[in-house]
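Please look at the sequence and the model first, and then follow the sections below.

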Amino acid sequence: MPDQMFLLANLVITVAYASITRAILVPVYRAGQLRTNKLAVATSMIFFSCAVGHALHAIMAYQTIIRGPSAHHMAGEAAGWSWTSALWDAGTAAIGIYYWTLRRGYGVLLGPGGIYIDPWGQHRLDEAATRERAARDLAEAQRATLATVVEHSDDAIVGLTPEGLVTAWNRGAEKLFGYTAEEMLGRPASMLADADGAEHQRDVLASIRDGAGGRSYEARRLRKDGTPIDLALTITPIADQTGAVIGISAIARDITAAKEAAEYQRAVEQRSNQAQRMESLGKLAGGVAHDFNNILAIIGNYTDFAIEETGDRPQVQADLKQARTAVERASNLTRQLLTFTRGDAIQPQDIDLNASIAEVHAMLQRTIGEHITLMAMPAKQPLVVHADPGQIQQILLNLAINARDAMPEGGTIVLEANVAALDGDELNMQPPLPAGTYARLLVSDTGHGMSPDTAARIFANRSTPPNPKAKAPDSAWPPSTASSPKPTAVSTSTPNSTSAPPSASTCHS
């Protein structure tokens, strides 16, 4: 019985060691490492040697069982098998020692293809793994940097689905539109536009889905509080490896301030061009008026000569005097034209606007009519300016008479002097004045006002048609040399409705 158990045990061990040998050699062979992977080959040799040794033991046990009691007579033959088995075990031990000398320089299990890996192969795999880790770390760093740049960009960067639903919303978009990311994610981008803008947005998204590619354009969108903003938009499709559009990137930049600055610059240029044209026209008119005045002087002189020669003919002399009067009137007209076009005959001096208002008020109070209430509102302190007193009076008289004609059924005219502070950015100021404090004359009334067509003609030098009730440009005189506010700006009135109180709406003087 013990011999049978010994035989069975050695057979099982032989099969097990042979299986282990095969399990090691087959993957190493498939990996092409039979010559390079010495550790794996040595391991398989140990198991193979052990399998052969136990096979020898099984053969001896089998012979013992077959021969039965006579087996002890075969001692010589058994001794031969014992020596064979002993020598084989010694060889197995030598292989084991060789294995442990190789084991120190090898790594443990190999991945696909073998159990153990040779040092050179391990070195190459380590280098490949290092390169892979470096590339992965670099890609992660680049993604993190890009995410940081996108998140903190002042421009609004928005991710959309091809249908227009918001999938990404950076801080720039939060500052630009006023919505947080939680409020916008999953919502349609069309909520940022009015009806026309939403329709145009749908057309753009449809063209991108159809493969039209990215595009850039300007559009108007709405903030959370409803205020409009002008944007420069760049829309770019996001495609997968097959070229199908899986998303859309939208970058929006606020150009509201830039457009306002451009409009302001355009208005300034238009105003400058208008001033240059008016200056050229004034020079031409002034030249013509000057030449015409010279002709009138000749006519007047010869008329005087004729009057002296016709002293004995009263009727002829009377006619000549009428002609002389007409010449003087024509000379006054040309003198006024020269005054406004070339500045001739102006005699500026330091005058108090309060005194000018008082003089005109006293003059008009007797002549303007009982149906008109004339009020004077001088400044609390003297307003001394350097200007021609005749021009100041002429302006006030003309405006007051114009206001009276606009109120046939009666009304109120107010002559007022005060101080105005300008910031220097007024587009409707003619001529443009630097920022500062100025003296101002206002003539207001309760008349019926101007029609839009009349207002458009009066304010033809403005970039946009004015509101007849709105404040109009002021005219300025040269700076005063006295201790007073800066040069006076005269604001004149446009007649308002008869039911309205005295107004400070103004037009050119």
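## Confidence in the model

In the chain, confidence is highest in strand β7 (residues 372–377), with a mean of 92, and lowest in strand β13 (residues 506–507), with a mean of 32; the score behind these values is pLDDT, the predictor's confidence in each residue on a scale from 0 to 100. Over residues 461–509 the pLDDT is below 50, and this stretch has 162 contacts in the model beyond near neighbours in sequence, where a contact means heavy atoms within 4.5 Å. For the chain, the mean pLDDT is 76, and 75% of the residues reach 70 or more. Over residues 107–114 the pLDDT is also below 50, and that stretch has 18 contacts beyond near neighbours in sequence.

This is a predicted model, in which local features need pLDDT of at least 70 and side-chain atom pairs count only at pLDDT 80 or more, while totals for chains, interfaces and linings use all residues. Residues are numbered from 1 along each chain as its sequence is written, and side-chain values use heavy atoms, with hydrogens and water left out. Helices (H or I, at least four residues) and strands (E, at least two) are DSSP runs, numbered from the N terminus.

## Helix α7

The buried residues of α7 are Gly197, Ala198, Gln201, Val204, Leu205 and Ile208. Because they cover an arc of only 120° around the axis, they are on the same side of α7, the arc being that of the directions from the helix axis to the C-beta atoms. Here buried means under 20% relative accessible area, exposed over 50%, and partly exposed in between (1.4 Å probe, protein chains only).

These buried residues of α7 pack against β1 (156–160), β3 (215–222), β4 (228–239) and β5 (245–254), whereas the face turned away from the buried side carries the exposed residues Ala195 and Asp196. After α7 comes Gly211, whose phi is positive, near 95°.

## Helix α11

The 17 residues of helix α11 (residues 389–405) should span 24 Å at 1.5 Å a residue, which agrees with the 24 Å between its end C-alpha atoms. In α11, the residues Gln391, Ile392, Ile395, Leu396, Leu399, Ala400 and Ala403 are buried, and their arc of only 160° around the axis puts them on the same side of α11. The N-terminal end of α11 is capped by Asp388, with a side-chain oxygen 3.0 Å from the backbone nitrogen of Gln391.

## Aromatic pairs

A search of the whole structure finds three aromatic pairs, where rings of Phe, Tyr and Trp (its six-membered ring) pair if their centres lie within 6.5 Å, and planes under 30 degrees apart count as stacked, over 60 as edge-to-face and the rest as tilted. One of them joins Tyr17 and Phe47, whose ring centres are 5.8 Å apart and whose planes are at 65°, so the pair is edge-to-face. Tyr17 lies in helix α1 (residues 2–30) and Phe47 in helix α2 (residues 38–67), so the pair ties together parts that are 30 residues apart in sequence. Tyr17 is partly exposed at 24% relative accessibility, and Phe47 is partly exposed at 23%.

Another pair is formed by Trp169 and Phe177, with ring centres 5.7 Å apart and planes at 40°, so this pair is tilted. Trp169 counts as buried at 7% relative accessibility, and Phe177 counts as buried at 4%.

Technical notes: Expected span 1.5 Å × (residues − 1). Polar contact = N/O pair within 3.5 Å; in protein donor to acceptor, adjacent residues only side chain to side chain.
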